[in-house]
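Subject: Structure for your review

Dear colleague,

Please find below the structure I said I would pass on to you.

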Amino acid sequence: MDYFPVFLKLKDQPCLVVGAGEIAARKIELLARAGAKITVIAREISPTVLSLQATHNLTLLQKSFSPADLGEFRLVVSATDNTETNCLVAKTATDQNIPVNVVDNPELCSFIFPAIIDRSPIIAAVSSGGAAPVLARLLRAKIETVIPPAYGRLAGLADKFRDKVKQHIKQPAQRRIFWENVLQGSIAELVFSGKEQEAEQQLEQTLLKQKENPNLGEVYLVGAGPGAPDLLTFRALRLMQQADVVVYDRLVSPEILDLARRDAEKIYVGKQRQYHALPQESINTLLADLAKAGKRVVRLKGGDPFIFGRGGEEIETLMQQGINFQVVPGITAASGCATYSGIPLTHRDHAQSCTFVTGHLKDNSVNLNWTQLAAPNQTIVIYMGLAGLEKICQSLIAHGSPKDLPIALVQQGTTSNQRVITGTLETLPDKVAGQDIKPPTLIIIGTVVTLHDKLSWFQTRQLD
C-alpha cells in the first residue's frame, strides 16, 4: 500500500487550513463534519468561506502564512494556488511531524483525503493514492448505491446493545456469531424498513433466548476458482468473511486470501511436487479437530474442491466424526484457464468430448491410459503436468497421436500473470524448457488449441 488507511479522531482538535477559496471551503466542510476546531489563514477570504464562519465557528486570520503559525495544530491542509506557499506549509508541517495535505499535490502530502461514504457511525473511504481521484469518486458512487443510509441506524442499534450483549454472552467467538446473525437477519431488515422500535424489541427477545452453549463448529469446503478473485461465488465470499480459521493451499492467490476475515487464523497446508507442508491425512484430522474446538473453518482450495482437490477425502473424515460441513463449488482451472485463453474445451468441428486427468500420481509418476487419451476428436486437460510435460508428449505420440497435434500450456490462468505458450506435441517441451514458467499451470491438448489465436480475448503475455 502506498498509503495506510486510518481514521483520525478530530473532534475538538485544532486544525489549520491555509487558503480560503472554493477548494479550501470543501476541505473546511469535511473537517467540520468531524468536529474539528478550524483556523483559516489566507490573504483573501472568499465569500463561501465567510459564509461558513458562523456555521462552523471558524477562526479567520487574513494574512500570509508563516512557519510560526503552526503552533499546536494537529492537522494541516494547504489549499492555495501559490506553489511557494504550499511548499512552505508542507515543509514546516513535515519538520514538526504534523500530518499535512497539499491539495492536488500528492508529493507534498503525508496524508490524502479519500472519497468518503458517510453512514455515520459507519464510514467507508476510497482512495487511489492521488493517482486517479476521479476514479475514486466513481467507485464511491458505486458503493453509495449498495450501502443504504439505514446502515448508520443499524450501527447505532448495535452500539446501544453492545454492553448488554457483552455482559450476557461472555465468549467473544459466540458473541461475534450472535452479532453476525443479528446484523444479517430479520432484525436488520426491521431497521432498514424504518421499524427501529420493533427491531429493539426483537433484539431484546433474541438476547434473552441466547444461552451460553459451546459453539458447534463446522467446515466449509470452498472452491477458490482458478485465481481471479472476482470469479469467487457469493456464497464463497460470505463464508470466508465469517470463518474463524482459513486452511488454504498453494493454489489460492494472495488476492483471494485477502478477502477472508482480517482476524481469521490462516493455516497454510499447501502441497507441491515432492513437498507437502502437511500430509493429506493430517489435513483431514486438522479440519476435524478445529471444528470440534467450536471453530468455523473454511477449507480454501484452488479451483473446485471435487476436481483434483481431494475434497471427497476430507469430507469422508468429517462425516465419520459427525461434523457439520458444506461444499461450495468453484470454477475449476480447466474451465477458467481455457476460457481466458480463448480455447473452447468442446467444439463441434474439433472435439465432442473432454477429459480431465492429473499429471502425476501418488508416486510422482505419469502413468495414464495413453491409448484412451490418444484417441482423436477430443480435448485433454492435464492438471499438474508441468514437470511431466516431456513424458506426456512422448507417450501420446508413442500411442498414436500425431506429432503436430496442437497443445497449450497456460500459466496462472485468469490472473494478470496469465501466459499462454502454444505448440505441438513435438515442439512444446523445447519451447517450455527455455521459459521461466511459474505455477500453477494447466495443459490443454487437442485441435481446439488452434482457435486460441482467433478467440483469445483476455490481454495476456502470449508465446506462440
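The notes below go through the domains, the sheets, the helices and some backbone details.

Please bear in mind that this is a predicted model.

Domains

The chain is divided into domain 1 (14–113), domain 2 (149–210), domain 3 (218–331) and domain 4 (336–455). Taken over C-alpha atoms, the centres of domain 1 and domain 2 are separated by 41 Å. An unreviewed UniProt entry places the feature "domain: Siroheme synthase central" at residues 125–144. In the model, this span is 60% helix and 10% strand, and its end C-alpha atoms lie 11 Å apart.

Five strands form an open sheet with parallel pairing, in the order 3-2-1-4-5. Strand 3 (59–62) and strand 5 (100–102) are at the edges; each has a single partner strand, so one side of each is left without a neighbour in the sheet. From one strand to the next, the twist averages 15°. Strand 4 (residues 75–78) pairs with strand 5 in the parallel sense over three bridges, and Ser-78 has Val-102 in strand 5 as its bridge partner. Helix 3 (residues 83–95) packs on this sheet, where it touches strand 1 (14–18), strand 4 and strand 5. The direction of helix 3 makes about 165° with that of strand 5.

Strand 9 (residues 245–248) and strand 13 (residues 296–301) run parallel and are joined by four bridges; Val-246 stands opposite Val-298 in strand 13.

Helices 9 and 6

Helix 6 (residues 172–184) has 13 residues and reaches 18 Å from its first C-alpha to its last, close to the 18 Å expected at 1.5 Å a residue. Buried in helix 6 are Gln-174, Arg-175, Phe-178, Trp-179, Glu-180 and Val-182. The buried residues of helix 6 pack against helix 5 (150–168), helix 7 (186–192), helix 8 (196–209), helix 9 and strand 13.

Strand 19

Five of the five residues of strand 19 (residues 441–445) are buried, so this strand is largely enclosed by the rest of the structure. Both of its faces are covered, with Thr-441, Ile-443 and Ile-445 on one side and Leu-442 and Ile-444 on the other. Strand 16 (residues 379–383) pairs with strand 19 in the antiparallel sense over four bridges, and Ile-380 stands opposite Ile-445. Strand 17 (residues 406–411) also runs antiparallel to strand 19, joined to it by five bridges; here Val-410 stands opposite Leu-442.

Thr-441 has a relative accessible area of 11%, which is under the 20% cut-off, so this residue counts as buried. Not counting residues up to four places away in sequence, Thr-441 touches Met-384, Leu-386, Leu-409, Val-410 and Gln-411.

Backbone details

Most residues other than glycine have a negative phi, and most peptide bonds are trans.

- Ser-120 and Pro-121 are joined by a cis peptide bond, with omega about 5°. Pro-121 lies in the loop between strand 6 (115–119) and strand 7 (122–126).
- Pro-439 and Pro-440 are also joined by a cis peptide bond, with omega about 5°. Pro-440 lies in the loop between helix 16 (428–433) and strand 19.
- Asp-12, in the segment before strand 1, has a positive phi of about 65° although it is not a glycine. Asp-12 is partly exposed, with a relative accessible area of 46%.
- Asn-377 has a positive phi near 60° and is placed in the loop between helix 14 (370–373) and strand 16.

With kind regards

Notes:
Residues are numbered from 1 along each chain as its sequence is written. This is a predicted model: local features need pLDDT of at least 70, side-chain atom pairs count only at pLDDT 80 or more; totals for chains, interfaces and linings use all residues. Side-chain values use heavy atoms; hydrogens and water are left out. Two strands pair if DSSP finds at least two bridges between them. Helices (H or I, at least four residues) and strands (E, at least two) are DSSP runs, numbered from the N terminus. Buried means under 20% relative accessible area, exposed over 50%, partly exposed in between (1.4 Å probe, protein chains only). UniProt positions are given in the numbering used here, feature names are shortened, and annotations may be inferred rather than shown by experiment. Domain bounds come from an automatic or database domain assignment. The expected span of a helix is 1.5 Å times one less than its number of residues. Contact means heavy atoms within 4.5 Å. Axes are lines fitted to C-alpha atoms, for helices over the stretch in contact, and angles run from 0 to 180 degrees between N-to-C directions.
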